[in-house]
Amino acid sequence: MITLPSEIATSAGMFVFAIVQALILLVLAPLFSGISRMIRARIQSRRGPGVLQDYRDIAKLMKRQNIWPDNAGWVSKVMPYVLISTVMVVAMSLPLFTRVAPLGSGSDLITVIYLFALFRFFFSIAGLDSNSTFSSLGASREVTLGVLVEPILMLAFLVIALIVGSTNLAVIGNALSENTWQYPVATVIAIAAAFFAVFIEMGKIPFDLAEAEQELQEGPLTEYSGPALALLKVGLSLKSMVVASIFVSVLLPFGIPSEMSLSAVVLGGVLFFVKLLVVFVLACVFENTLSRTRFMLTGRLTVVGFGISVLAFVFYFTGL
């Protein structure tokens, strides 16, 4: 009987666990998107779609044919797979159900930021690749929003990484869960700035409305159909869920077990999805208290978030 070394067996088991973790998020992403749409409809006193409507839309699109524009190149055809793969890698790297990151090599703040940047880059380039005026407009607005939002997210996490002394997301989560914060004021303000950026990345009003074809996230998708459009819708829903998961698992890791036993993983998974559902509900309720604004005024709102992150950086240097 051939036995594998314990190090190889452990790494192989963690890799399988990472894949299972990412697949769970992939399967549940349309459900959380449907929950958000249902809450929005109830607050606006209308019936709206059902919770499972996204699953029905994806199943319907998978049965149809891909129709590409005449001017579409390889970027448009590859983009759906790039979007799914980049977000799946991030989902595999996060310490969601336990405080241990299954894919330790990818659980780094800089790596995650670059993967999200790759997501936005291909998403925007595909909008330009189709030579559609409306898609190009949506792509340019998506890039503009990224320029406004990504500095907030990077600076907020940078402050927390400086406080903890590591850019590894699992290490950051473990340090925050110990309740021995060296710079409590800077940490709280940085978490607030990170939530501001996460709220924007989730595609919420007034910055975006993910299911509206005239908005940022749907603008570059006007030239897609069939299975490619289904993959893109799943990818956008998964990105919204993964971004919220980073906030829940890394910045709010309380209650998540540190061991890797089966009971601990199951308990950690239940607690994780409860916290994730609470974040989605709060984001949807807060979203519906805001009014729609013109896109050109978005910079005035994001300046507030950037100011909060800069304030956290100042408090870190002052030792508070």
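**Notes on the fold and its largest cavity**

1. Among contacts in the chain (heavy atoms within 4.5 Å) between residues at least 6 apart in sequence, 79% join residues at least 24 apart. Please keep in mind that this is a predicted model, where local features need pLDDT of at least 70, side-chain atom pairs count only at pLDDT 80 or more, and totals for chains, interfaces and linings use all residues. Residues are numbered from 1 along each chain as its sequence is written, and side-chain values use heavy atoms, leaving out hydrogens and water.

2. The chain has ten helices and zero strands, counted as DSSP runs (H or I, at least four residues, for helices; E, at least two, for strands).

3. Of the 320 residues, 51% are buried, that is, under 20% relative accessible area with a 1.4 Å probe, protein chains only. The chain exposes about 14,600 Å² (Shrake-Rupley method, 1.4 Å probe), and carbon and sulfur atoms supply 69% of it.

4. The largest cavity holds about 190 Å³ of space. Here a cavity is a set of points on a 1 Å grid over the protein atoms alone where a 1.4 Å probe fits but cannot get out, and lining residues have an atom within 4 Å of a point. The volume is the space filled by probe spheres set on the points, which are joined across faces, edges and corners.

5. Which residues lie nearest the centre of this cavity? They are Val112, Ile113, Phe116, Leu153 and Ile246, out of 16 lining residues. α4 gives the most to the lining, with six residues.

How values were computed:
Buried < 20%, exposed > 50% of the residue type's maximum accessible area, 1.4 Å probe, protein only. 1 Å grid on protein atoms, 1.4 Å probe; cavity = no way out; pocket = protein on both sides within 12 Å on 5 of 7 lines; lining within 4 Å.
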